[in-house]
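Trainee: I would like to go through this structure and ask what stands behind each label. Please set the values against the cut-offs as we go.

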Amino acid sequence: MLDDYYLNLLDWSSKNVVAIALGNTVYLWHATSGAIEELMQVSQDDGPVTSLSWGPDGKHIGIGLDNGEVQLWDSTSLSKIRTMKGHTARVGSLAWNGGPILSSGSRDTCIFNHDGKPTFLLSIYTTHQQCISCRLYIHILVICLYSIIR
């Protein structure tokens, strides 16, 4: 596991599955059975994995990479649904809004709101002066959701 305070490399799903990023690989540990499986692995050029966030359904997981990509995976079929591009630096923070919106915060100082269903970007926030750090949740609740509702 990378030793970096600004990365989110562990997340527990509502279905009692823990996702953990170890370098370029994401593993799933099923707490009820104790089974471990590999979800995905990225190349050295794209990795390492820099953030993880389970969707509210406990089935889908967002994965942020060092190359700025955000990947959406289905944990039951162990298959990638799509890759969302746009960031120019590592994605250190991911958060779901309780629905299909996945927000990604990057070292490039931008926050992107992706719709988890269609393949388009909802909005971009670029007024931040520093790297988007560990906790994106307050920003999403206060600013991002307000702009979506408005």
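Mentor: This is a predicted model.

Trainee: What makes the pair of W12 and W29 edge-to-face?

Mentor: The structure holds 1 aromatic pair. The ring centres of W12 and W29 are 6.2 Å apart and the planes stand at 85°, so the pair is edge-to-face. The cut-offs are centres within 6.5 Å for a pair and planes over 60 degrees apart for edge-to-face.

Trainee: Which parts of the chain does that pair link?

Mentor: Distant ones: W12 is in strand β1 (residues 10-12) and W29 in strand β3 (residues 25-30), 17 residues apart.

Trainee: Why is strand β11 called largely enclosed?

Mentor: Strand β11 (residues 111-115) has 5 of its 5 residues buried, so the rest of the structure largely encloses it. I111, N113 and D115 point one way, F112 and H114 point the other way, and all are buried. In a regular strand, side chains alternate between the two faces of the sheet.

Trainee: What joins strand β10 to β11?

Mentor: Strand β10 (residues 101-106) runs antiparallel to β11, with 5 bridges between them. G105 stands opposite I111 in β11. The two strands form a hairpin with 4 residues between them.

Trainee: Which other residue has a positive phi without being glycine, and is it buried or partly exposed?

Mentor: L78 has a phi near 55°. It lies in the loop between β7 and β8 (79-84). With a relative accessible area of 31%, L78 is partly exposed.

Trainee: Why is D74 called buried, and where is its place?

Mentor: D74 has 10% relative accessibility, so it counts as buried. Its place is in strand β7 (residues 70-74).

Trainee: What makes the link between the side chains of D74 and T76 a polar contact?

Mentor: The distance is 2.6 Å, and a polar contact needs N or O atoms within 3.5 Å, one able to donate a hydrogen and the other to accept it. Leaving aside residues up to four places away in sequence, D74 touches L39, K59, H60, S79 and I81.

Trainee: What kind of peptide bond joins G47 and P48, and what is its omega?

Mentor: The bond is cis, with omega of about 10°. P48 is found in the loop between β4 and β5 (49-54).

Methods. Residues are numbered from 1 along each chain as its sequence is written. This is a predicted model: local features need pLDDT of at least 70, side-chain atom pairs count only at pLDDT 80 or more; totals for chains, interfaces and linings use all residues. Side-chain values use heavy atoms; hydrogens and water are left out. Buried means under 20% relative accessible area, exposed over 50%, partly exposed in between (1.4 Å probe, protein chains only). Contact means heavy atoms within 4.5 Å. Rings of Phe, Tyr and Trp (its six-membered ring) pair if their centres lie within 6.5 Å; planes under 30 degrees apart count as stacked, over 60 as edge-to-face and the rest as tilted. Two strands pair if DSSP finds at least two bridges between them.
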